Amino acid sequence: MGIVRPIIFLLIGFVILIKSSDFFVDAVSSIATNFKMSKMMIALTVAAFGTCVPELAISFQSISSQAGDIALSNVLGSNIVNILLIVGFAAIVHPIRVKEQVIKKELPILVVVTSAFVLSILFHLVGFSNSDFILDRQDSFLLITLFIVFIFYIISVIRAKQGIFEHEKPKYGIVKSILITIICCVSIVISSDFVVENAKILAEQLNVSTKIITMTVVVIGTSLPEMTMTVVAAKKEEFDIALGNIIGTNIFNIGIVLGLPLLVYGGFSSVNFNVIDVILVYIAALMLYLFARSDRKLSRREGIIMVILFIMYYAYVFVS
């Protein structure tokens, strides 16, 4: 069978992933409509956290086995991919309109959380810390605290009933919406793992280097749920779901996907990441905020700029 079998399984995984994301977007939208809640709030929580399970599992496994570079590339790479590639590509497919509340509240929160994350790493890289780790348990307290603040913000918005949208008939009833959301969450996670595992097998059979596998198969592979969901939501003009999914995912990646394993295991070292890798995470978050604020829309031109920056960064990764 050679490389034929992993290619077939890879394609099957992609089909399941894309169809699951399609149903997931409709179900999440219906939940928001049934509960008279903002679709952004649902996307920031259910959609974002549900698609982060693969990254969380990889972080725990890699930090526990002293493979710190995988854990860090998992979060750094995912957050870069989520904004520059996924949001950029979604904006190219369909320009994304951004609400004022997102520009004034959710995006600034993302920039603040990302800034704290970047400064924590730089603090260790430049030698201001006595720890040999690139991140340690003290950093985990900061990251988890910021995540808790973010959760309290979401709760406060829900309680204040902000973001209630126009009278709109939901596609599904409440029970059906919740069941479809749960089933699709499970399907998205399983199919993304299926894609990653078969892509790894394919890469090994093609004798691709471990570094390329990590930065492509692991990072981009585990971002497939966010990618398919965001692009599908943008095409359906569900802009709150498209953007909220990415904002919530990136905050969850920093606060929980990295913060929780750090709290449990105490810290990890890294030898392959430098200041450029770390700074780009901040640049991506800041670029998303500035582009959205400029005219309350992410245009195709801005999407192209983001994708070009992503390509330039990955070109740098492969040659460095």
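## A residue in a loop

With a relative accessible area of 44%, glutamate 237 is partly exposed (buried means under 20% relative accessible area, exposed over 50%, and partly exposed in between, with a 1.4 Å probe and protein chains only). Its place is the loop between helix H9 (224–235) and H10. Glutamate 237 also has a phi near 60°, a positive value in a residue other than glycine.

Before we go on, note that this is a predicted model, where local features need pLDDT of at least 70, side-chain atom pairs count only at pLDDT 80 or more, and totals for chains, interfaces and linings use all residues. Residues are numbered from 1 along each chain as its sequence is written, and side-chain values use heavy atoms, leaving out hydrogens and water.

## The whole chain

Let's step back. The protein chain has 12 helices and four strands; these are DSSP runs numbered from the N terminus, with helices being H or I of at least four residues and strands E of at least two. Of the 320 residues in the chain, 56% are buried.

Contact means heavy atoms within 4.5 Å. Take the contacts between residues at least 6 apart in sequence: 85% of them join residues at least 24 apart.

## Helix H10

Helix H10 covers residues 239–265. Its 27 residues should span 39 Å at 1.5 Å a residue, and its end C-alpha atoms are 38 Å apart, which agrees (the expected span is 1.5 Å times one less than the number of residues).

H10 bends by about 40° at asparagine 253, where the bend is the angle between axes fitted to the seven residues ending there and the seven starting there. The helix is mostly covered, as 23 of its 27 residues are buried. Just after H10 comes glycine 266, with a positive phi of about 95°.

## Serine 120 in helix H5

Is serine 120 buried or exposed? At 7% relative accessibility, serine 120 counts as buried. This residue belongs to helix H5 (residues 100–125), and its side chain reaches the backbone oxygen of alanine 116 at 2.8 Å.

Which residues does serine 120 touch, not counting those up to four places away in sequence? They are Ile134, Leu135, Asp139 and Leu142.

## Another positive phi

Arginine 296 is not a glycine, yet its phi is positive, at about 55°. You will find arginine 296 in the loop between helix H11 (275–295) and strand E4 (297–298). It counts as partly exposed, at 47% relative accessibility.

Methods: Polar contact = N/O pair within 3.5 Å; in protein donor to acceptor, adjacent residues only side chain to side chain.
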